Amino acid sequence: MFTFFNCSMATTSFQKKARVKINQIPGTKPSLFNNQLLISSGVPSLDNIIGGGLAVGTVCLIEEDVYGSYSRLLLKYFSAEAAMTGHSLLLASADQDPQLIVKELPGPILDDPGDVTKGNTPEQSENMKIAWRYQHLPASQAGHSSSKFGHYYDLTKVMEPQLISSVNPALVGIEELERECKECKDLNPKYKYLLKRIKEEIDRGHFSTTEQTDKRSILRIAVHSLGSPLWDECGGLASNQEDLDYSLPRFLLALRVLMRSAFAVCMITIPTHLFQIPGYVGRLRKMCDTVLHMDSFAGSDKEKNPAFKEYHGLFNIVQLPRLNSLLCHMPDTLDFAFKLRRKKFTIEKLHLPPELSETANRNQEDPLPHLHPSTALCSTTKPNKLDF
Amino acid sequence: MIGDIVSGSENSKIVLIEDSIDANGRNVLLSYIVSLSKITEEVHLLLFDVRGQDTQEALKSLGIQNVKVHRASTDLLQWDRSQGIGLHTDIKAYIRERLSPGTKSVAVVIDSLSPLLTHTSPSFTCKTLHELAYSEALRSQVQQVVTLLHGDLHDDNSLSLTHHTCTTVHKMVPITTPYAMFCCNTIHKKVSGKVVKIRESFNITEEYQVTEVAEVKQMSQNLPADQNQLDPTANLTFNLSLSDKEKEARSQVILPYTYNKERQECVLAKSVGEGKIFYQPDEADDFDEEDPDDDLDI
């Protein structure tokens, strides 16, 4: 009998035996598939499903859940990862004061790799009769921190202010946006100011690919709730409520151009459920590289569905980038769900229980509830007593 | 939930009461004003609506002292260049000038937001609400901003943008249960991030207190899961269960892959990343050391 002992868990400990570059940037690693430079998004379970991490020079769009709390959490993880790896950070938010967001970053779990190997005691060897070869392996997978890529955070703890101030984050809040934006007819003035600010930050920190510096680092740009009404955005409509306002796709295109020539990664969250014009969200998606969609169960009927009771929401990969190749990374499944424990946020494969009932009753709800016909004008889909 | 929010035990920065022709929301607005007049030092009431005088008169009859009423001019869009509050006046600066010195907690109530939403863009309305609640310009702390909105005057897009900015939305619906005067659907976003969505019926007394709040449960469409779970092992013609003696005999069986001290010595090595092949001959295997190719005669 032959038995092949292989460790095929979600995180792989496989490391490519590459000649170490002289100027290896801390907190990055080359992708296993196409040698693209990657950084961690802050959530290791997310890194695994999008092919190792976020590629440097790309824009990641997160389509917000309806109440925005989970997408804000993802941004916090992204910003916390900047503090842990020493990358620079630019955080922009109109809905919330960025100072408040920075104060609430989760604290890291710092455990030695040495603690993990002395995990299993001899008493546990009796538990495994058939799988006895695995009993010496650590129960959790937190031990794979052999490289400084991807940290685990504890949501009950808050990151120390000294750690955050060591990376000197640049914060852009609504007061600054209101004050500094200038009239512009091609582009929403606030977006234009944000672009200007990003360009300034890239130039100041020498992140551009054309500049030669000794100590290369990465700039992480986190934009919270772009396209919300506080950015002077009316769901894609111009001020006359009839024409479309293409400022947001133009902004995303200009942002992508900036990212491509800089050692920077941008993570944006957009409340796409507010954009009810058909096709508009499709344009936004095409303008970005990685697009992820979060659909939380909070306050919806799905909360009561017993299949979803372990999870807090669905997580969809809408789009993955094809960088210098013909294909994008294809994960083995596209059904993911996320759960928020007291301390941890994880994204997992969605396992549905088997359907054992005789009468398989299909859900009667509309499969695409957020796509209504254009209601930009006064007409609504519901009968209205004031209609004449 | 609505009782808690009105009384102030549940924190909510921006409250929106959305009513319609079928269900009036002005009473809920008045109960908010009455409650806020007790919690905060000053309540500033801005009247943009045509029926704003109803609210003003109701308050006058109650005789509450610390509510300051600001009537907007009838020329809201300021076509006649008249004085007074118009839709484009900077409301926060206006209120800041009229604050009594030394006030620490203020509440702002707007009756109603509909003229603002109709004549200006939804983003301007949302920014106004947000600035009133959060900006540093109002030197006192604004405890809460409460506003009324007539849902049937606006389109879905504007309404959804306004809902997005508010932390609590009460949507008044026609009453279905007997013995209650009002019913509303409430969506409340707590500070912790949790969202509560509830449908409640309640009464409002003559002093504009919210009482007898009761949840109205919807008829559940889904059958409970327990009913549908069939047990596949029931109703079979053969026996699938085990007696105790049989269970004991089962645990005695030596399975081929279990740990056997005679056969393994150093298998518990720490190799994690490598692939090692462990060969364990069965009883049935004929483990012959000789190379079978030795017989070949080439």
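1. A negative surface patch is formed by Glu290(B), Asp291(B), Asp293(B), Asp294(B) and Asp295(B). In this note, Asp and Glu count as negative and Lys and Arg as positive, while His and the chain ends are not counted; a charge is placed at NZ of Lys, CZ of Arg, CG of Asp or CD of Glu. Patch residues have over 30% relative accessible area and no salt bridge, with like charges joined within 9 Å and nonpolar side chains (Val, Leu, Ile, Met, Phe, Trp, Tyr) within 5 Å. A salt bridge is a side-chain nitrogen of Lys or Arg within 4 Å of a carboxyl oxygen of Asp or Glu. Asp295(B) lies in the segment after strand 10 (276–279) of chain B and counts as exposed because its relative accessibility is 70%. Exposed means over 50% relative accessible area, buried under 20%, and partly exposed in between (1.4 Å probe, protein chains only).

2. This is a predicted model, in which local features need pLDDT of at least 70 and side-chain atom pairs count only at pLDDT 80 or more, whereas totals for chains, interfaces and linings use all residues. Residues are numbered from 1 along each chain as its sequence is written, chains are lettered from A and ligands numbered from 1 in the order in which they are written, and side-chain values use heavy atoms, with hydrogens and water left out.

3. Areas come from the Shrake-Rupley method with a 1.4 Å probe, and for residues only the protein chains shown count as cover. Ile130(A) sits in the loop between helix 4 (113–117) and strand 8 (153–158) of chain A; Ile130(A) is classed as exposed because its relative accessibility is 51%. Helices (H or I, at least four residues) and strands (E, at least two) are DSSP runs, numbered from the N terminus.

4. In chain B, strand 6 (residues 168–173) is mostly covered, with five of its six residues buried. Strand 6 of chain B pairs with strand 1 (residues 14–19) in the parallel sense over four bridges, and Leu16(B) has Val169(B) as its bridge partner. Strand 6 of chain B also pairs with strand 7 (residues 182–189), in the antiparallel sense over six bridges; there Lys171(B) stands opposite Asn185(B). Pairing requires at least two DSSP bridges between two strands.

5. Chain A has an open sheet of three strands in the order 2-3-4, with antiparallel pairing. Its edge strands are strand 2 and strand 4 (54–55), each pairing on one side only. Strands 3 and 4 of chain A are joined by two bridges, and Leu38(A) is the bridge partner of Ala55(A).

6. Some backbone geometry deserves a look. Most residues other than glycine have a negative phi, and most peptide bonds are trans. Asn35(A), not a glycine, has a positive phi of about 60°; Asn35(A) lies in the loop between strand 2 (28–30) and strand 3 (37–39) of chain A and is exposed at 51% relative accessible area. Gln78(B) likewise has a positive phi, of about 55°, in the loop between strand 3 (67–71) and helix 4 (91–97) of chain B. Gln78(B) is partly exposed at 28%. The peptide bond from Asp111(B) to Ser112(B) is cis, with omega near -15°, and Ser112(B) lies in the loop between strand 4 (105–111) and helix 5 (114–119) of chain B.
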